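Please keep the sequence and the 3D view open while reading.

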Amino acid sequence: MTMLQGLSLVLYAGVLVYLLKQKPLWLRLENKGSQHLLFGSAAALFIMWIFRTGIYPGLNVHFLWITACVLLLGFRLSVISASLALVGTTAIGGESWEMLGVNGLLGVFLPITFTYAIYNLTFYRLPKHLFVYIFVSGFFAGAATIAFKMGLLGSYYALEGIHSWQVVVDNYLILIPLLLFPEGMLNGMTMTMLVIYCPLWVYTYQDRYYLDK
């Protein structure tokens with residue numbers, strides 16, 4: 001394990017411990033519906049993350065779906081849910097255990113923080129309208145988040161010296177434009193279906209903000 005991997009693991013573990021000590025998290029988990037959404041989202045993320053492709057080790061491409069997970073569960077539960085999916089993916093050999101901290105920090109926690117920041121900016125700065133919620137918080141945030149995550153991981157592999165920067169650009173970052181629309185569409189469609197058919201499941205959505213007017 002390299003120094004960067006060890007440091008990332010410590011930071012990621014610290015984030016998880018901090019979140020697990022928060023009382024609001026456990027208050028929500030006392031509800032069986034929240035438990036079902038937590039583990040159901042983890043299972044969905046796990047399935048999406050095991051279907052991946054790539055030429056060089058570590059430079060794998062797959063759907064992220066983190067934006068929909070954040071909008072569905074909120075910040076705290078989405079970190080826990082995505083972490084469960086990451087551990088499961090690592091356990092079956094999809095990722096190496098040495099990379100758990102890096103993948104957790106750069107592939108889970110920071111992308112979740114990024115997409116949650118977009119949601120907050122949208123909520124407080126833009127008109128509270130259903131289409132704004134779906135297209136900006138869902139579609140746009142999903143596309144931006146996968147680009148953000150791939151940029152972070154690509155920079156790590158180049159900084160660590162695992163792959164040259166040219167290899168990262170030519171075989172990983174060059175794929176970002178191809179993934180923006182599908183990832184955005186996946187998250188946008190997910191949130192559209194949820195707010196239409198199961199709005200009570202969505203932690204970040206309330207009719208009184210987006211429809212009652």
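Which residues does Gly184 touch, not counting residues up to four places away in sequence? Gly184 touches Gly138, Phe139, Gly142 and Ala143, where contact means heavy atoms within 4.5 Å. Gly184 sits in helix H9, residues 176-197. Helices (H or I, at least four residues) and strands (E, at least two) are DSSP runs, numbered from the N terminus. The C-alpha atoms of Gly184 and Ala143 are separated by 4.5 Å, although the two residues are 41 residues apart along the chain. With a relative accessible area of 0%, Gly184 is buried. Buried means under 20% relative accessible area, exposed over 50%, and partly exposed in between (1.4 Å probe, protein chains only).

**Basis of the model**

This is a predicted model, in which local features need pLDDT of at least 70 and side-chain atom pairs count only at pLDDT 80 or more, while totals for chains, interfaces and linings use all residues. Residues are numbered from 1 along each chain as its sequence is written, and side-chain values use heavy atoms, with hydrogens and water left out.

**Overall build**

The protein has ten helices and zero strands. Read from the N terminus, its elements run α-α-α-α-α-α-α-α-α-α. The radius of gyration is 17 Å, close to the 17 Å that the globule rule gives for 213 residues, so the protein is as compact as a globular protein of that length. The radius is taken over C-alpha atoms, and the globule rule is 2.2 Å times the number of residues to the power 0.38. Along its principal axes the C-alpha trace spans about 55 × 35 × 30 Å.

Of the 213 residues, 45% are buried. Among contacts with a separation of 6 or more, 74% are between residues 24 or more positions apart. The protein exposes about 10,900 Å², and carbon and sulfur atoms supply 71% of that area. Accessible areas come from the Shrake-Rupley method with a 1.4 Å probe; for residues, only the protein chains shown count as cover.

**Helix H6**

Thr122 lies in helix H6 and is buried at 7% relative accessibility. Not counting residues up to four places away in sequence, Thr122 touches Val132, Val136 and Ser137. Tyr116 also lies in helix H6, but counts as partly exposed at 24%. The C-alpha atoms of Tyr116 and Ala147, 31 residues apart along the chain, are separated by 15 Å.

**Loops, a salt bridge and a patch**

How many salt bridges are there? The count comes to one, a salt bridge being a side-chain nitrogen of Lys or Arg within 4 Å of a carboxyl oxygen of Asp or Glu. Arg52 pairs with Glu95, the closest N and O atoms being 2.5 Å apart. The pair links distant parts of the chain: Arg52 is in the loop between H3 and H4, Glu95 is in the loop between H5 and H6, and they are 43 residues apart. Arg52 is partly exposed at 23%, whereas Glu95 is buried at 16%.

Trp65 is in the loop between helix H3 (32-50) and helix H4 (66-73). Its phi is near 65°, a positive value in a residue other than glycine. Most residues other than glycine have a negative phi. Trp65 is buried, with a relative accessible area of 9%.

Ile92 is in the loop between helix H5 (75-91) and helix H6 (100-125) and is exposed at 54%. Together with Ile47, Ile50 and Phe51, Ile92 makes a nonpolar surface patch of about 410 Å². Patches are made of residues with over 30% relative accessible area and no salt bridge; like charges are joined within 9 Å, and nonpolar side chains (Val, Leu, Ile, Met, Phe, Trp, Tyr) within 5 Å.

**Cysteines**

The count of disulfides, pairs of cysteine sulfur atoms within 2.5 Å, comes to zero. Cys69 is in no disulfide, and the nearest cysteine sulfur, that of Cys198, is 16 Å away.

| Residue | Relative accessible area | Class |
|---|---|---|
| Cys69 | 1% | buried |
| Cys198 | 22% | partly exposed |
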